[in-house]
Structure formats: structure tokens, C-alpha cells
Amino acid sequence: MSPCNGTMGGAQLECRMRNRHAGFSLIELMISIALGLLIMTAVLALYLNLSHSNAELSKMNQQIENGRFTIQLVQQELWHAGFWDIYQPPLPSVTPPTAIPDPCTGFSTWDAAYIANLYAIPIQGYAAGAGLPAGCSAIVNSPKANSDVLVIRHAATCVAGVANCEAYDANKLYLQNQGCTDTAHANYVASAAIIPILGTPGTVVRQKNCTTVADRHNLISSIFYVRDYSVNAGDGIPTLMRADMDWNGTDVIMQAAQPVIEGIESLKLEYGRDTDENGSADVFSDCAACTATEWANVVAVRTHVLARNVNTTTGHVDTKSYVLGATTLGPFNDTFQRHAYSSYVRLINPSGRRDKP
């Protein structure tokens, strides 16, 4: 029976108006809240899943970018290795070396024999850092285990002081090649701040016409290796490092290495040696026991890079093994995601000078 039955006229109308404005019951309200909470929970779960997926995608993209950038950087440096801007024979780059140059010795200690060896061996390496000269310990510090050290030498491809090339700096090392045939030496390395080693101090190095002063090309010597931290010791972020020769106030010497690319866990290299002097690689190895002559015969390099996410991934366990040439790393059984990258580089300058018609 309607609660308004039994009323008449205006009283019945007033009763019906009160019923028309009645709200939800307590049960209806609780059901509505429960449904709202379910919908909000679903929306929140979707948002968290999307955020997690985006975060993992971002980490993966960064790892891929770092791995490819490392391969590209090393590849470009190797392409330049052994570029000396030679005008004419004799070519110092093919003069048989007498010793493997120490990459960390200062320019003030160089002599003619050292420079000749430097020309002959534009790249050299140290498998897992073994055999690295003691003088390099302050430069190649905290190296990552199972990662190699690479040394690359070449002259800058641009002439100091011209457009798009750095200005001439008396404190840097420059290579000038003697093109004038009436002068004995065919190459010349000097820093205006230090007594020149080759040639007579004050000698003007000229081009083939014996009039124009030879171009100055900055002499570049770089060391690449992987350190077990990035900025702060113990931060656990393996990082590709680079050291270059520069002025330290009294000498031109290899400077402290600087971080280049984070998340690089290993750099492994295999060197291809030309054993029949036709410009092509015949034998590949890590060259751990290579002699100076064998280093001079290197005409190609296989580069292997293991890149790792900078941050961990919840719920992931890395049980994979990674083949980097003759070296296999892993499984690491940690929560970092990794990927291996490889590249083959022909050393354009050393191999090109060996090509036979």
C-alpha cells in the first residue's frame, strides 16, 4: 500500500512530493561505491602497467642506442687509424717497427725510433688489459674485467686553423709531412712548446713545391676502455671511457680518461693480420701475444660490444650467455637486461697501402 493512501487533496499531493525527492538507499549507495572502486582499480592497474611498459621500453631504447653508438664511435675511429696525410714515399706507416710504443709516455721522451714505431703501429690493444704499461695505470683505472683496452693513432683529417677545424695551438702535437725532395726527413712531429724531435729545430717543413709550408695536422692518440663505474666509484654503472693526449702544463701526455657512454659492460676486439701483404686479413686473434711486426700487419678489426641497461628490471633474471668473438660472458643471473653488438672494420689506411695491383 502506498504511504500516501488515506490522505486527501493537498495532503496527498504533499506526501507524493516528499516521496519524489527521496534519495538512494544505503544498499544502493554501497553498491555504487563498490562499482566505482572496481573501475578505479582497473584504471589504476592499466596506468601502472602502461607506466612500467614505457619505463622498460625507455631503458631498452637507451641500451640499444648506447650499444650502437659505441660500435659507431669505435668504427669511425678505426677508419681514421693510420691516416698520416703522406705526400710521398718513404711511407713511415709501413716501415717495420722495432718495438710496440708505450701509449702513455709523454712527448718530451719521444725519439725518432719511437715516432717511427708509432707510424708503423696505428692501432694496438691489450686483451683484458693484460700487459698494459705501468705508466697507464693512472689513466686506465678501475677497468672492467673481461674487457679490452684499445689504442688508436692518426692525424686529424682537417688542417689546423682552416674552416671547421680547431685553431692552431702551440701546446698540441702536430704532424707535418715533408714533400720537398731536397730535405732528408719525410715526416715531422712537433709541439711549439717543446723542442721538435724530427728534423732540426726551426726547420720549415714544405710541400712538394718546396715553397708552400706543409699543412699542420693534429696528431691524435686515444685510449678506449670500459670502467666499472660511471661518475662515482661504486655506482655500478659500467662505462666506455676515452683518454686523449693533451698539454698538462709541462708536456703533451695522455690525459685522464673521461666517460663517454654509460651501460657498456665489455669491449672485446679481434685483430685481423695480413700475412701475405695483399691488404686483406688472413688471421684473426685477440693479439695478446702479438709482436711489433704482427701489430704492424693488422689491417682489420672485429669489434664486439656488450651493452647493459643502466637500471634493473623487476622480475627479470639474465640467464643468457653472450658470445663476443672468442670470449663468452655470462650468465650473469642478475636483473639487468643486456644485448651484444658486433662490427667488422677494415682499416682503410693501413690496408690500402698494402693493396697490390
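**The open sheet and its surroundings**

A: Lysine 268 stands opposite histidine 304 in E11. This is a predicted model, in which local features need pLDDT of at least 70, side-chain atom pairs count only at pLDDT 80 or more, and totals for chains, interfaces and linings use all residues. Residues are numbered from 1 along each chain as its sequence is written, and side-chain values use heavy atoms, with hydrogens and water left out.

E9 and E11 pair in the antiparallel sense over nine bridges; two strands count as paired if DSSP finds at least two bridges between them. Strands are DSSP runs (E, at least two residues), as are helices (H or I, at least four), numbered from the N terminus. The open sheet has four strands in the order E10-E9-E11-E14, with antiparallel pairing. Its edge strands, E10 (283–285) and E14, each pair on one side only. From one strand to the next, the twist averages 20 degrees.

Helix H2 lies across E9, E11 and E14, at about 15 degrees to E14. Axes are lines fitted to C-alpha atoms, for helices over the stretch in contact (heavy atoms within 4.5 Å), and angles run from 0 to 180 degrees between N-to-C directions.

Leucine 78 has contacts beyond its neighbours within four places in sequence, including Val301, Thr303 and Val345. Leu78 is also among the residues that touch the most other members of the largest nonpolar core, which has 30 residues. Such a core is a set of buried (under 20% relative accessible area, 1.4 Å probe, protein chains only) Ala, Val, Leu, Ile, Met, Phe, Trp, Tyr and Cys residues joined through side-chain atoms within 4.5 Å.

Notes
Buried means under 20% relative accessible area, exposed over 50%, partly exposed in between (1.4 Å probe, protein chains only).
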